[in-house]
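Subject: Structure handover

Hello,

Here is the structure I promised to pass on. Please look it over before you read my notes.

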Amino acid sequence: MSLVECVPNFSEGRDPAVIAAIRDAIAGTPGAHVLDVSSDPSHHRTVITFIASLEAAVPAAFAAMRVAKERIDLTAHQGEHPRIGATDVVPFIPLEGTTMEHCVALARELGARAATELGIPVYLYERAASTPARENLADVRRGEFEGLREDIRTNPARTPDFGPNELHPTAGATAIGARPFLVAYNVYLGDAKNLPVAKEVAKAIRGSSGGLRYVKGLGMEVDGQAQVSMNLVDTEKTPLHRVFEIVKTEAAAHGVSPTWSEIVGLVPERVLLEAGARHVQLRGFSKAMLLETKVREVIAGGESVETFMARIADASPTPGGGSVAAHVGALGAALAQMVAGLTIGKKKYAAVEDQMKQLTIDAYTLRRQLSELVQRDADAYERVRTAYTMSKEPEHTVARADAIRDALVFASRVPLETAHLAVRVASIAATVAELGNSNAVTDACVAALMAEAACKGAVLNVRINVASLDEQGTPTGAQLASEARACLDAASVHARVAEAAAERAMVPV
């Protein structure tokens, strides 16, 4: 299943009944699952983290926005955190199986629906922004609810992307966007007397003031303490441990030391693992070294590449060549998806931007379908084996023959499906080799060659099963064999196109 993460922020952090109603609206949407609810009375804000299928993401977020509109009145709201709406911000974040393009589409869908059905003006931000001036959430939220109430009517630059040039009287406006994973991280600098220091540290560290490019920060007072409140928008480029070290250094320049820090909401385990490994100076550490990682793989039925190869190498007939063919095809699809993704966003390839976005989705779909065929091929073999073990007694002769024939036909159709999908992978690979990022043309060629190999392997399985049919000369067997040959021819054509593109790229200029 393709999943997205959504982390809506609501301007309510003190009323448990309102917070519960918003949470229940999300949790009550089929296909959506609430992972975390974090409320802060000082900020007067609640952050809810949920995951959902592509189909359920917008309905779940919309249900929460409806409750927030009904239960939150911004005219009576005061809190430390900047806000423009009852539902202040709704970001969609891609998870496994989804792309940023999926999340942009979800943001636009939710924005249009919220404006039409709830009467709430919507601003698109970050990757979903309609203009570069709205990529930064801080710019969208400038002036907050009180300032935007007049500005939206008179300033053309503040015209919303969806909805009227008028704030909802009590629910305000909402910023809806698509972005990479963000970590909300706060560092405390002792009691409130150090608030000026917190403000200076925040100014020094945030990207907009010349600090760390992927950090947004504010200095504020929370529960009688001085807090440096930050959003880390790209923890791969600016890891958490580096942020803490710089906050500590900047604070020390004012004679202040951090007392503690906190993460609001959820955080990828990679972020904390990297911080812990850095602190104790571990070398060569990876998530794969964790006991819990291996346990989760077993419990969830997941399988590493090493485990899969070990099962293939084992002296048992499954998984066999058909499963390997499907797996190779899936790898080819993943590689083609990568090249298409490396093309998106490059000015040089603006003419094929939309085509490449569609190809990333198509390649991902093929990858999942081929991955499922890995097990289906093994199951098909087991069906044939079971049929051959049926009783050979005279009274069972007809039933056994029928079972064997049906099993062989089924075992031919499964790799034939692999072959058809491999052809489509090869076609995508050829397209990205010719039109995509030239720096990755050899990757596209490898994808096409893997798809061709997958097709050849699948066709061999079709042929061996058809050959075992007593009626291989009948229309059923002949049709299966003919389709297999056509797949092989098509895959080879696409592979040659990709090879030619790679060869052209390697000719000395």
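Below is what I found in it, from the overall fold down to single residues.

**Overall**

Please keep in mind that this is a predicted model. The chain has 15 helices and eleven strands. Its C-alpha trace spans about 90 × 50 × 50 Å along the principal axes. Of the 509 residues, 47% are buried. Take the contacts between residues at least 6 apart in sequence: 74% of them join residues at least 24 apart.

The largest nonpolar core has 45 residues. Within this core, M356, I428 and V432 have the most contacts. Five helices each supply at least two of its residues: α11 (321–343), α12, α13, α14 (441–467) and α15 (475–505). The largest share comes from α13, with 13 residues.

Beyond its neighbours within four places in sequence, V432 contacts A336, V339, A340, M356, L359 and A444. Another core lies apart from the largest one. This other core has 42 residues, including I26, A86, A128 and A178.

**Helix α1**

Helix α1 covers residues 16–27. Its twelve residues reach 16 Å from the first C-alpha to the last, close to the 16 Å expected at 1.5 Å a residue. V18, I19, I22, A25 and I26 are the buried residues of α1. Seen down the axis, these fall within an arc of 125°, so they line one face of the helix. The cover over them includes β2 (9–10), β3 (32–40), β4 (45–53) and α2 (54–71).

The N-terminal end of α1 is capped by D15. A side-chain oxygen of D15 lies 3.0 Å from the backbone nitrogen of A17.

**Helix α7**

Helix α7 runs over residues 240–252. At 1.5 Å a residue, its 13 residues should span 18 Å. The end C-alpha atoms are 18 Å apart, which agrees. Buried in α7 are L240, H241, V243, V247 and A251. They cover an arc of only 160° around the axis, so they sit on the same side of α7. Among the elements that cover them are β8 (183–191), α6 (195–205) and β9 (215–222). The cover also includes β10 (225–232), β11 (260–264) and α8 (269–279).

**A buried loop residue**

L74 sits in the loop between α2 and β5 (87–94). Is L74 buried or exposed? L74 counts as buried, because its relative accessibility is 1% and the cut-off is under 20%. Leaving aside neighbours within four places in sequence, L74 contacts S11, R83, I84, G85, A86, F145, T170 and A171. P169 is 95 residues from L74 along the chain, yet their C-alpha atoms are separated by 8.3 Å.

**Salt bridges**

There are 21 salt bridges in the structure. Side chains of opposite charge can pair when their charged atoms come close.

- D24 and R23 meet through their side chains, at 3.5 Å from N to O. D24 is partly exposed, with a relative accessible area of 46%. R23 is partly exposed too, at 33%.
- E117 pairs with R113, and their closest N and O atoms are 3.1 Å apart. The two are four residues apart in helix α3 (residues 100–118), so about one helical turn separates them. An α-helix has 3.6 residues a turn, so residues three or four places apart point the same way. E117 is partly exposed at 43% relative accessibility. R113 is partly exposed as well, with 30%.
- E417 and R376 meet at 2.9 Å, N to O. This pair links distant parts of the chain: E417 lies in helix α13 (residues 397–435) and R376 in helix α12 (residues 353–388), 41 residues apart. E417 has a relative accessible area of 30%, so it is partly exposed. R376 is partly exposed at 34%.

Best wishes

Conventions:
Residues numbered from 1 in each chain as written. Predicted model: local features only at pLDDT ≥ 70, side-chain atom pairs only at ≥ 80, totals over all residues. Heavy atoms only, no water. Salt bridge = Lys/Arg side-chain N within 4 Å of Asp/Glu carboxyl O. Buried < 20%, exposed > 50% of the residue type's maximum accessible area, 1.4 Å probe, protein only. Expected span 1.5 Å × (residues − 1). Arc of directions from axis to C-beta. Contact = heavy atoms within 4.5 Å. Polar contact = N/O pair within 3.5 Å; in protein donor to acceptor, adjacent residues only side chain to side chain. Core = buried A, V, L, I, M, F, W, Y, C linked by side-chain atoms within 4.5 Å.
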